[in-house]
Amino acid sequence: MRTLVEQTAANVALWLRNLHGTGLDADWRLPEKPHVLMGGEVDDTWIRHPERSAILIGTQDILLSRALMRGYGVGRGRWPVDFALLHNDAMWVFDEVQLMAAGASTSAQLEAFRREIGAWVGCRSLWMSATLERDWLKTVDFEKGAAKLVIQGLTDIDRAHPAVQQRLAAPKAIVKAKTTVDSKAASGKALIEYADALAAEVMAAHRPGKTTLVILNHVGRAQALYDALKKLDAPPLLLVHSRFRPVEREKISKQLAQQPDVAGRIVVATQAVEAGVDITSAVMFAELAPWASLVQRFGRLNRGGEETNAQAFWIDIAADDGKMGNLALPYTSEELAVARDYLENLTDVSPKSLEGFANGSQGSWQVVRCRDLYQLFDTDPDLTGFDVDISPYVRGADDTDVRVFWRKIADLKAGPQGDEARHPHRDELCAVPVGQAKKWLGAYRGRAFVWDWLEKRWTKLDRPWPGALIFVEAAVGGYDAERGFDINATSAVDLVVRRDGPKTEPDSADGDPDTLKDREVGLPDHLRHVRDEARLLCKALQVQAVEAEERAYPRIFENKEVPEPKEDAANVA
């Protein structure tokens with residue numbers, strides 16, 4: 001998740017500065033700073049120095065797509081480079097596994113492939129969560145490896161610490177809320193009525209000077225509740241979800257870090273606060289969700305055990321009767337049924353009270369197999385111009401994003417030109433579910449554009465696909481700085497102006513700036529340059545095996561005829 005990436009990157013940057021300042025890393029084996037990889041981020045300088053240590057922190061869609069040789073937001077020519085570097089001499093850390101959906105299975109499969117197929121230098125994987133189940137990683141190719149996993153958690157010494165005991169036993173009473181999500185709360189006028197009813201219940205439970213946290217499963221319902229609370233005499237309000245641009249999200253994060261005033265505050269959020277947001281509350285409302293997600297949500301109530309009478313309310317979601325199964329989305333009715341059974345028998349949700357509860361399954365996802373991996377080595381588009389869709393392996397077919405940015409266009413017929421066509425700064429980008437993007441932009445095909453990698457120009461969008469970067473005319477609307485992405489917002493979008501942003505066009509087939517020179521270089525000279533760089537890399541990586549032997553490829557390294565090498569075992573290897 002983006003919020004977790006940003007906080008983790010800030011922490012790691014601080015740790016690195018502290019280490020470098022003490023002299024403990026005199027030979028500078030540690031990197032100077034971490035590299036952030038998430039939607040719109042362009043910090044790929046680590047690619048230029050594969051021999052150096054690097055710490056990459058990113059969202060699962062960006063990193064897993066690169067590990068599958070279909071890097072989102074990366075030019076086609078770079079796909080094999082990222083693939084090679086991420087599968088050699090790397091340690092993968094997968095945090096908050098309960099949120100990864102199909103990505104958890106893919107991470108286990110890729111670890112199995114590396115062990116089976118082999119790599120120049122091996123990799124390791126670490127999976128982390130407060131609600132992690134070993135069975136989540138038992139995929140078809142990693143099943144044997146899953147049996148050998150080492151589990152680390154709190155020790156008896158940890159549990160004896162007073163601060164840990166206070167957190168584990170923090171009282172968190174729970175009751176069922178009066179408001180229920182049913183077919184009447186699906187959309188339109190009924191959604192407004194649901195939001196109004198829930199807003200009244202939230203206001204009645206709110207405590208002055210404290211934070212009330214309301215977590216809903218849909219951005220649309222969160223926005224509707226936010227609007228309903230604004231109509232009441234509510235304390236300061238804050239809306240938190242994943243459909244904001246970074247510039248607005250940064251403001252929200254700063255507000256979350258502040259303490260509430262005497263009137264308190266109400267934070268309306270989605271799953272975006274389940275991980276990576278260090279926030280506590282005295283009162284919480286949470287819609288029914290899979291058990292692992294609910295445990296994470298309850299962790300944002302009376303977080304440090306500072307409250308003596310913290311109160312949680314769980315909002316039921318009507319069971320699927322065949323007519324309204326979509327109410328459970330983005331989860332399944334079966335997952336909600338298990339959580340409902342647990343909650344109906346609980347009066348307290350402190351960590352101590354929840355120990356021993358199974359966290360359930362991660363659902364059924366499409367699993368990448370070895371033959372699928374081999375097919376991804378063909379990076380050419382198909383006859384229609386599209387690529388193999390890896391989204392089912394990254395997050396699941398129903399949970400994929402495109403990245404949208406808004407700008408003014410002087411001539412719609414000609415499309416973005418000149419300064420309009422420059423590569424977007426990450427602060428301009430907003431993540432939008434691909435399904436909503438199709439519905440929203442279907443009526444604006446002449447005012448939405450995607451970059452043509454071969455033609456090197458913005459062309460009119462035909463249909464969105466997961467990971468696409470989409471240029472939308474600002475007058476189309478679709479975004480509000482206070483409420484985030486909203487398919488019904490029709491006002492022109494306020495632009496994000498960054499003078500320090502990239503001035504170049506997006507990537508293209510012949511647009512690699514690291515390979516462009518202002519003079520001709522003959523092929524023999526070019527090959528010698530490559531040889532010299534390869535020697536430096538081998539020296540930096542201390543390569544002593546046959547990979548570093550020049551005699552295996554004599555005509556490449558020397559501009560003269562030499563005898564062919566014998567086909568001994570080393571050369572064949």
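Predicted model: local features only at pLDDT ≥ 70, side-chain atom pairs only at ≥ 80, totals over all residues.
**View 1. An open sheet of 5 strands.** The strands follow the order E12-E11-E15-E13-E14, and their pairing is mixed. Strand E12 (430-433) and strand E14 (457-460) form the edges, each pairing on one side only. From one strand to the next, the twist averages 40 degrees.

**View 2. The pairing of E13 with E14.** Strand E13, which spans residues 448-452, pairs with E14 in the antiparallel sense. Their pairing extends over 4 bridges. Tryptophan 451 has tryptophan 458, in E14, as its bridge partner.

**View 3. Helix H16 across the sheet strands.** Helix H16 is formed by residues 434-441. The strands across which H16 lies are E11 (401-407), E12, E13 and E15 (469-473). Relative to E12, helix H16 runs at about 90 degrees.

**View 4. The packing of helices H2 and H3.** Two packed helices are described by the angle between their axes and by the distance between the axes. Helix H2 (residues 60-67) packs against helix H3 (residues 79-86) at an angle of about 95 degrees, and the axes of the two helices are 7 Å apart. An angle of 65 to 115 degrees counts as roughly perpendicular, and H2 and H3 are therefore assigned to that class. On the H2 side, the contact involves Leu63, Arg66 and Ala67; these residues meet Asp82, Phe83 and Leu86 of H3. Classified by residue type, the contact of H2 with H3 has 4 nonpolar and 2 charged residues, with no polar residues.

**View 5. Threonine 131 in its loop.** The loop that holds threonine 131 lies between strand E4 (124-128) and helix H5 (143-146). The relative accessibility of threonine 131 is 2%, so this residue counts as buried. Threonine 131 and glutamate 96 are 35 residues apart in sequence. In space, the C-alpha to C-alpha distance between threonine 131 and glutamate 96 is 8.3 Å.

How values were computed
Residues numbered from 1 in each chain as written. Heavy atoms only, no water. Pairing = 2+ DSSP bridges. Axes fitted to C-alpha atoms, helices over the stretch in contact; angles between N-to-C directions. Contact = heavy atoms within 4.5 Å. Parallel < 35°, antiparallel > 145°, perpendicular 65-115°, else oblique. Nonpolar A, V, L, I, M, F, W, Y, C, P; charged D, E, K, R; others polar. Buried < 20%, exposed > 50% of the residue type's maximum accessible area, 1.4 Å probe, protein only.
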